[in-house]
Amino acid sequence: MTPRHVLISGAGIAGPTLAWWLVRYGFRCTVVERFAELRTGGQNIDIRGAAREVLRRMGLDDEVGARGTGEIGTRFVDCDGRAVGEFPQTPGETDGPTAEREVLRGQFAELLHERTRDDVDYRFGVQVDRIEQPADGAARVTLTDGTTLDCDVVVLAEGINSRTRGRLADAFGVHERRLGVSIGYFSVPRVPADAQDGTWWRWYNATGGRSITLRPDNVGRQRVTLSFRSAPVAADLRSMDAQKDVLRRRFAGAGWQSDRILAALPDVDDLYLEDLGQVRADRWSDGRVALLGDAAWCASPVSGMGTSLALVGAYVLAGELAAHVHHQDALARYEERMRPYVTRAQKLPPGAPGVMHPRTRLGVAALRTAFRVAAAGPLRRFETTLFQPPADQFVLPDYRHLRAVETATTEKG
Ligand SMILES: Cc1cc2nc3c(=O)[nH]c(=O)nc-3n(C[C@H](O)[C@H](O)[C@H](O)COP(=O)(O)OP(=O)(O)OC[C@H]3O[C@@H](n4cnc5c(N)ncnc54)[C@H](O)[C@@H]3O)c2cc1C
């Protein structure tokens with residue numbers, strides 16, 4: 001019997017996780033990645049609820065835990081750094097801003113790659129150029145290096161700005177929703193004398209729709225986000241210098257640690273600027289081509305669910321492909337199972353992300369009052385209104401009986 005062949009485009013989080021599971025079910029996997037090497041950029045990502053159970057089933061939970069950033073909770077601060085509200089991470093709770101598993105995205109991507117690279121054909125620096133779907137057999141994919149591959153299923157796990165999805169947008173009925181906030185992510189050196197530099201995720205709101213956050217990592221630095229209300233800017237600012245200029249102008253005089261952060265900006269070499277948005281697609285498959293992860297349903301970092309959805313989605317897609325001989329049945333069941341979970345995750349808290357970026361002094365004061373009240377205890381439920389990831393609201397299907405399946409019948413037509 002010939003193993004079924006799945007081509008996965010995108011070696012981020014969703015793609016390698018899918019490959020990990022498919023290999024266990026006896027599939028042959030090829031992963032293509034647009035960049036010349038694995039992308040290890042990014043800051044803290046959250047792994048919550050059902051996604052943590054996926055990690056456990058992959059035997060990776062302890063390793064991810066060992067790579068944790070050490071963040072103990074989220075603290076909202078005023079311009080003097082005094083806490084106005086604190087939300088410590090409580091083991092077993094999945095709904096706070098600091099998740100049970102906080103890990104640097106790059107370290108997690110490396111772990112997934114390390115655990116799959118011996119069994120998966122990774123090809124870096126290439127992309128899907130063309131996909132043909134003849135009525136009577138496998139999809140024929142031509143890559144940008146001229147190679148052609150016959151695949152039972154093609155999965156686009158290319159992230160929010162997926163190019164291949166863009167070319168097939170009508171097939172999936174894709175709508176992109178901009179959220180009116182842009183964020184610059186980068187890291188700065190930790191200040192050893194500042195005892196607060198290292199444990200809490202500190203979050204400061206300034207007037208003018210701006211917020212600054214600092215959070216620890218496990219490599220001795222502080223991860224910064226500078227977020228601001230804005231029409232989309234990232235696509236027009238290709239050079240890092242131009243991006244730094246925008247941040248410098250927007251955050252001059254913002255208060256709290258803005259002077260320290262802006263002073264460090266000239267030496268920053270890991271800046272990533274993005275305009276927050278969501279992706280909604282009417283369908284997640286077209287014939288043998290399926291969408292997965294942010295490419296299918298980006299819920300935005302505001303949801304706190306991007307990586308968790310990618311892990312759960314990859315687990316479900318792999319399980320359904322293994323459970324069904326016909327790709328149509330597998331892809332239909334994958335969407336049926338995942339759609340309600342994704343829809344809930346895409347529902348952001350009322351007014352978010354704008355409500356977290358007040359423009360006026362009065363707005364900032366009101367938000368701080370809300371944090372103070374929320375952190376006080378009996379009203380902790382307010383926290384779940386602001387940070388409401390529905391991470392637990394999914395029962396993972398049990399595919400463990402499929403593990404014994406080493407090869408599957410190659411389907412025809
Ligand atoms: C560099 C980077 C930094 C990030 N930083 C953060 C962060 O700090 N916080 C956060 O919450 N989320 C971050 N994210 C997003 C986060 O990883 C996702 O929300 C989530 O993990 C879902 O993962 P994904 O695999 O669907 O998408 P992604 O992790 O975005 O991975 C998509 C992969 O597909 C590749 N790709 C894109 N187009 C093509 C193409 N045409 N052909 C082949 N490959 C392609 C990309 O290079 C990338 O490797 C980051 C993503 C990236 C790529």
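## Around the ligand

In this predicted model, a backbone N or O atom of Arg 34 lies 3.1 Å from a nitrogen atom of the ligand. That's a polar contact, a pair of N or O atoms within 3.5 Å. On its own, the ligand exposes 920 Å², and the protein buries 90% of that (areas use the Shrake-Rupley method with a 1.4 Å probe).

## Who's in the shell?

There are 28 residues around the ligand, and Ala 14, Glu 33, Gln 43, Arg 105 and Asp 294 come nearest. To be near, a residue needs a heavy atom within 4 Å. Sorted by class, the shell has 13 polar, 8 nonpolar and 7 charged residues. Here Asp, Glu, Lys and Arg are charged; Ala, Val, Leu, Ile, Met, Phe, Trp, Tyr, Cys and Pro are nonpolar; and the others, Gly among them, are polar.

Which element gives the most to the shell around the ligand? It's H10, with 3 residues. Helices (H or I, at least four residues) and strands (E, at least two) are DSSP runs numbered from the N terminus.

## How the helices pack

Let's start with helix H1 (residues 14–24) and helix H4 (residues 105–116): their axes come within 9 Å and cross at roughly 30°. That makes H1 roughly parallel to H4. Axes are lines fitted to C-alpha atoms, for helices over the stretch in contact, with angles from 0 to 180 degrees between N-to-C directions. Under 35 degrees counts as roughly parallel, over 145 as roughly antiparallel, 65 to 115 as roughly perpendicular, and the rest as oblique.

H10 turns up again here, in two pairs. The axes of helix H2 (residues 49–57) and H10 come within 8 Å and cross at roughly 55°, which makes H2 oblique to H10. H10 also packs with helix H11 (residues 327–346) at about 160°, with their axes 8 Å apart, so H10 is roughly antiparallel to H11.

## Reading the numbers

Residues are numbered from 1 along each chain as its sequence is written. Since this is a predicted model, local features need pLDDT of at least 70 and side-chain atom pairs count only at pLDDT 80 or more, while totals for chains, interfaces and linings use all residues; side-chain values use heavy atoms, leaving out hydrogens and water.

Methods:
Polar contact = N/O pair within 3.5 Å; in protein donor to acceptor, adjacent residues only side chain to side chain.
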